[in-house]
Structure formats: structure tokens, C-alpha cells
Amino acid sequence: METSVPMLPIIEYSQEEHTTWQRLYTRQVGIVQHVACQGFHAGFPRLGIGVARIPDPNAISARLAETVGWQLVSAENKFLDASAWFDHLLHRRFPVTDYIRRPHEFDFCELPDLFHEYFGHLSLLTLPSIADISQYFGQIARRARTERQLLDIARLWWFIFEVGFIREEGDLKVIGGALLSSPGELHHACRPEVPKYPFEIERVTQTPGMYYTYHDHYFYIESVAQIRQILDTYAQREGLAP
């Protein structure tokens, strides 16, 4: 397996920024303990992320390369469009930012900061099943012929891996990285009165993602295996099957 990966920029973070990481990490570990999915709990220790300092991106990238054949690349501190995002996934690259939210953004950060990515997403990426499914998203997206299809695939991703739930042992657990890393929206999403609907392709692809505010409803899948089934069904319907 390829383990030689390009270096990410070395950032000299201030003590205030390391303290922000420590406060976010300490609080969020406690919050997600009983609501995060099994994949998060299985994958988080594999990252070797500590509480005291912002992680070294090159160390994390090397660990992912060794375990699942992925690497981290710079997201250039911006939202990537769907085409660029899925091209990275196709080539087993996960884009990350290198800034951390400010204290007034602790509960909800509109832009995807490094805490969102390292704490929210990378635990699941250490699991071979999730790593392969993520690449499969890229394979399907590469075959998209229209903007509508690319938007559909982006929404399938969003409502699973950003703000999604998964049923485990009869309970709904959080699988979405945006929820796992956002104390504010996580609390909102887990409230019993906030609707969670079974994942239906047609309904999901007609639902816009809410990037700058909380969602008014969410979707859940029944298993990790269902994600592949969702993509297969969509790809066959749209003539995008690899």
C-alpha cells in the first residue's frame, strides 16, 4: 500500500488556538459519548489525536495512508465545489482546512474548520468499509453528466456523512461529521421533537443542505451496507453505474 504522501503546510498555531482545540475536544468527547455511532468510537482511537494540541496533519495523513490508503490534502480553507470534492474522494484524498474556529463559534461554525474535519470525519475514514464507500461516491460522481446529477450525489453525501443518523441496536446514532463536531447542532438534532426520516433517495435529493443554520429535519440509514445500496440504486437509475 502506498505510504509516501505529499506534505501539508506546516502551520505554527498560537497557544490560544491550541487552547481552543483543547476546549472543543474536551467538551465534545463528553457530548458524543452516548450519541455517536459505533464507527466513530472504533475509529477515533486509531487516529492518535491528543487533547493538548492541534493534530499534526502530516502525521494523521501518514497514518491514514498506512491503514486505508488515503491521504489528507489541503482544502485551501474554502468550501470545495462538488466536482472538486468528489474528485479528491475518487483518488482517496480527504481535503482538510488548517484554521480553527474562534471562541464565539464553539457551538456552531458555519465554515468547515479543522476541528470539524479531524474530530467529525476522520474517525470513520479509518474504517476500510467507510473509506471504500467514500471512494465509491467519487466513482459515481465522476460519471455524472449533468449538474442535477452532481447535486443529487452531493446531497446523498451530505445527508449521510455530514448530518446523518444511523440505526444501531434499535437507537438512532450520529454518523454525520458536521453533527459530531458541532455542539449546537448536535444538541438540536438529537432532540426527540426534531424529525428524523428514513433515508429515501427521492426525498433526500430534493432537500437542500443547510450550510449556515440548523436543519429542521434529518434522515437516517439502517446500516453502513445501506450506503452502498443507496449509491447502487441511484447509479442504476441514472445510468451512472461503474
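Helix α5 (114-125) gives the most to the lining of the largest cavity, with three residues. The model is predicted; local features need pLDDT of at least 70, side-chain atom pairs count only at pLDDT 80 or more, and totals for chains, interfaces and linings use all residues. Residues are numbered from 1 along each chain as its sequence is written, and side-chain values use heavy atoms, with hydrogens and water left out. Helices (H or I, at least four residues) and strands (E, at least two) are DSSP runs, numbered from the N terminus.

A cavity is a set of points on a 1 Å grid over the protein atoms alone where a 1.4 Å probe fits but cannot get out. Lining residues have an atom within 4 Å of a point. Points are joined across faces, edges and corners, and a volume is the space filled by probe spheres set on them. One cavity of 30 Å³ or more is counted. The volume of the largest cavity is about 60 Å³. Its lining consists of Phe94, His121, Leu124, Leu125, Ile130, Ser134, Trp157 and Phe161. Besides α5, helices α6 (128-142) and α7 (147-162) each supply at least two of the lining residues. Six are nonpolar, two polar and none charged (Ala, Val, Leu, Ile, Met, Phe, Trp, Tyr, Cys and Pro count as nonpolar, Asp, Glu, Lys and Arg as charged, the others, Gly among them, as polar).

A pocket is an open set of points with protein on both sides within 12 Å along at least five of seven lines. The largest pocket has a volume of about 710 Å³. It is lined by 36 residues; Phe79, Pro112, Trp158, Glu162 and Tyr211 lie nearest its centre. Two or more lining residues come from each of α4 (82-90), β2, α5 and α7. Helix α7 gives the most, six residues. The lining has 21 nonpolar, six polar and nine charged residues.

The second largest pocket has a volume of about 390 Å³. Of its 24 lining residues, Tyr13, Ile54, Pro55, Asp56 and Pro57 are the closest to the centre. Helices α3 (57-68) and α5 each give two or more residues. The largest share, four residues, is from α3. By class, 14 are nonpolar, five polar and five charged.

Phe79 and Tyr211 also belong to a nonpolar surface patch with Leu111 and Tyr212, with about 400 Å² of accessible area together. Areas come from the Shrake-Rupley method with a 1.4 Å probe. Leu111 lies in the loop between β2 (93-96) and α5.

Definitions and conventions. Patch = residues over 30% accessible without salt bridge, like charges linked within 9 Å, V, L, I, M, F, W, Y side chains within 5 Å. Salt bridge = Lys/Arg side-chain N within 4 Å of Asp/Glu carboxyl O.
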